[in-house]
Amino acid sequence: MAKSIKVDREYDAPVEAVWAALTDNEDLSEWLKPCKFEPILGYDFEFRTKPSPGFDGIVSCKVLEIINQQFLSFSWSGGSLQNTVVSFRISPLPNNRTRLQFEHSGFEGLINKLIVRRILASGWKHKILKNYLPEYLAK
Amino acid sequence: MSDVFKAIADPTRREILMMISESPRNINQLSEQFAMSRPAVSKHIRILRESNLVRIEHDKVDGRQRNCYAQLEALAEVDAYLKKLEAFWEGRLDNLAQFLQRKPKQ
């Protein structure tokens, strides 16, 4: 199970254009999902996506970090995803191209504990021997 | 699906799940193990059950006892969900490429 979703892309456009596409409300609404974004730290906004059973289609976000023409991150909460984090890191490449490193993270807290502990099932046995049994014997 | 995340977000429910994934236990046994009231354990079990992480069967010997079995296959749904989410972002970032092509260069 992945700890986060990572996508690495190159775009045939200069950093300024990619940054505008990430931070301009109309641009973002066009290529991502309709929203009322403002590039202001702490700004709350929503994306409207397709509703599905158990999900009203609204993703609530808050701008978490913003470094002009370099980095943008916002929280992403909707449906099963609560307080996950989406981030975009951009850097210039030769020939007016731009590299984008995208990441959606924040699932690990919920999932990994369970998975790791399941894999380390012996850890559970260990815990019984180390904690529960001595407690029991001490009674 | 949404319930799986909620179900495993709680540390007590993770503990319960870990415990019964080792071997099935009934609600009384779980209450003892967690020093928790029976209704409190039942509530956790209900949430785990609703998200398909736990299955309950009546004990074959003592029909009054209900045994809890872990069904960690439900976690495959989490994996499937994240794969779908990844596909969503892949699609959106493809959109971004097309958008940048369309947009007149400044």
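Glu46(A) sits across from Ser60(A) in strand 3 of chain A. This is a predicted model, where local features need pLDDT of at least 70 and side-chain atom pairs count only at pLDDT 80 or more, while totals for chains, interfaces and linings use all residues; side-chain values use heavy atoms, with hydrogens and water left out. Residues are numbered from 1 along each chain as its sequence is written, and chains are lettered from A and ligands numbered from 1 in the order in which they are written.

**The sheet**

- Chain A has an open sheet of six strands, ordered 1-6-5-4-3-2 with antiparallel pairing; strands are DSSP runs of E with at least two residues, helices are runs of H or I with at least four, and both are numbered from the N terminus.
- Strand 1 (5-11) and strand 2 (44-48) of chain A are the edge strands with a single partner each, so one side of each has no neighbour in the sheet.
- From one strand to the next, the twist averages 25°; axes are lines fitted to C-alpha atoms (for helices, over the stretch in contact), and angles run from 0 to 180 degrees between N-to-C directions.
- Strand 2 and strand 3 (residues 58-67) of chain A pair in the antiparallel sense over five bridges, and pairing takes at least two bridges found by DSSP.
- Phe47(A) faces Val59(A) of strand 3 of chain A across that pairing.
- In a regular strand, side chains alternate between the two faces of the sheet.
- In strand 2 of chain A, Phe45(A) and Phe47(A) make up the covered face, while Asp44(A), Glu46(A) and Arg48(A) are on the uncovered one.

**Helix 1**

- Helix 1 (residues 15-23) of chain A is largely enclosed by the rest of the structure, because eight of its nine residues are buried; buried means under 20% relative accessible area, exposed over 50%, and partly exposed in between (1.4 Å probe, protein chains only).
- Among those buried residues are Val18(A), Trp19(A) and Leu22(A).
- This helix lies across strands 1, 3, 4 (71-78), 5 (81-93) and 6 of chain A, and runs at about 160° to strand 5 of chain A.

**Cores**

- The largest nonpolar core has 38 residues, and Trp31(A), Phe47(A), Phe74(A) and Phe88(A) have the most contacts inside it; such a core is a set of buried Ala, Val, Leu, Ile, Met, Phe, Trp, Tyr and Cys residues joined through side-chain atoms within 4.5 Å.
- Its largest share, seven residues, comes from helix 5 (residues 75-102) of chain B.
- A second, separate core of 20 residues includes Val41(B), Leu48(B), Ile56(B) and Leu75(B).

**His104(A)**

- His104(A) belongs to strand 6 (residues 97-105) of chain A and is buried, with a relative accessible area of 0%.
- Its side chain makes polar contacts with the side chains of Thr84(A) (2.8 Å) and Trp89(B) (2.9 Å); a polar contact is a pair of N or O atoms within 3.5 Å, where within protein one must be able to donate a hydrogen and the other to accept it, and residues adjacent in sequence count only if both atoms are side-chain atoms.

**Confidence**

- Chain A averages a pLDDT of 82, with 75% of the residues scoring at least 70; pLDDT is the predictor's confidence in each residue, from 0 to 100.

Notes
Contact means heavy atoms within 4.5 Å.
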